Amino acid sequence: MEVKSHTVTYEWTNEPEDNNTPHPSKTTVINGRSHKVDTTTYSAVNVYDGIGSANGGKGNLTAIWTFSGWDKKDTITDIPGNITIKGT
């Protein structure tokens, strides 16, 4: 008997190019099972313009990107197919 499984993927939108923060791993979930959404708190990331030698050659600080959370919370139950959890 074949057991169907689905992929849960995490994707960040509007994240800075130089963000080195590790993303949550892709997870495989058996059809109809649940998935607990990642609850890691992520630090703010400084965004630099790359112009000049300030800040160790990164340039001038232009913004601070702050992770505000995932579009799904807690536990997702009865997953019927592949799902992408988006963060901003």
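**Group meeting: an aromatic cluster and the sheet beside it**

Hi everyone, let me start with the rings: Tyr10, Trp12, Trp65, Phe67 and Trp70 are linked into a cluster by ring pairs. Before I go on, please keep in mind that this is a predicted model.

The count of aromatic pairs comes to six. Let me take Tyr10 and Trp70 to begin with. Their ring centres lie 4.8 Å apart and the planes meet at 65°, so we call this pair edge-to-face; the cut-off for that label is over 60 degrees. The pair also links distant parts of the chain, since Tyr10 is in strand β1 and Trp70 is in the loop between β5 (61–65) and β6 (75–76), 60 residues apart. Both Tyr10 and Trp70 are buried.

Trp12 and Trp70 form a tilted pair, with 6.1 Å from centre to centre and 45° between the planes. Here too the pair links distant parts of the chain: Trp12 belongs to β1, Trp70 to the loop between β5 and β6, and 58 residues separate them. Trp12 is buried, as is Trp70.

So what else does Trp70 touch, beyond residues up to four places away in sequence? The list runs to Tyr10, Glu11, Trp12, Pro24, Val37, Asp38, Tyr42, Ile85, Lys86 and Gly87.

As a reminder, nonpolar side chains tend to be buried together in soluble globular proteins. In this model the largest nonpolar core has 14 residues, and Val8, Trp70 and Ile85 touch the most other members. Which elements give two or more residues to this core? They are β1 and β7 (83–87). The largest share, three residues, comes from β1.

Let's look at how those strands are arranged. There is an open sheet of three strands, ordered β2-β1-β7, with mixed pairing. β2 (27–30) and β7 stand at the edges with a single partner strand each, so one side of each has no neighbour in the sheet. From one strand to the next, the twist averages 25°. β1 and β7 pair in the parallel sense, over five bridges. One detail I like here is that Tyr10, from our ring cluster, has Ile85 as its bridge partner in β7.

Staying in β7, have a look at Gly87, which is found in that strand. Is Gly87 buried or exposed? Gly87 counts as buried because its relative accessibility is 0%. Leaving aside neighbours within four places in sequence, Gly87 is in contact with Glu11, Trp12, Thr13, Phe67, Gly69 and Trp70, and Trp12, Phe67 and Trp70 are names you will remember from the cluster.

Last stop, His6, back in strand β1 (residues 5–12). His6 counts as buried because its relative accessibility is 11%, and the cut-off is under 20%. What does the side chain of His6 make a polar contact with? The partner is the side chain of Asn31, at 2.7 Å. Beyond neighbours within four places in sequence, His6 is in contact with several residues, including Thr27, Thr28, Val29, Ile79, Gly81 and Asn82.

Key
Residues numbered from 1 in each chain as written. Predicted model: local features only at pLDDT ≥ 70, side-chain atom pairs only at ≥ 80, totals over all residues. Heavy atoms only, no water. Helix = DSSP H or I, 4+ residues; strand = E, 2+ residues; numbered from the N terminus. Buried < 20%, exposed > 50% of the residue type's maximum accessible area, 1.4 Å probe, protein only. Polar contact = N/O pair within 3.5 Å; in protein donor to acceptor, adjacent residues only side chain to side chain. Contact = heavy atoms within 4.5 Å. Core = buried A, V, L, I, M, F, W, Y, C linked by side-chain atoms within 4.5 Å. Pairing = 2+ DSSP bridges. Axes fitted to C-alpha atoms, helices over the stretch in contact; angles between N-to-C directions. Phe/Tyr/Trp six-rings, centres within 6.5 Å; stacked < 30°, edge-to-face > 60°.
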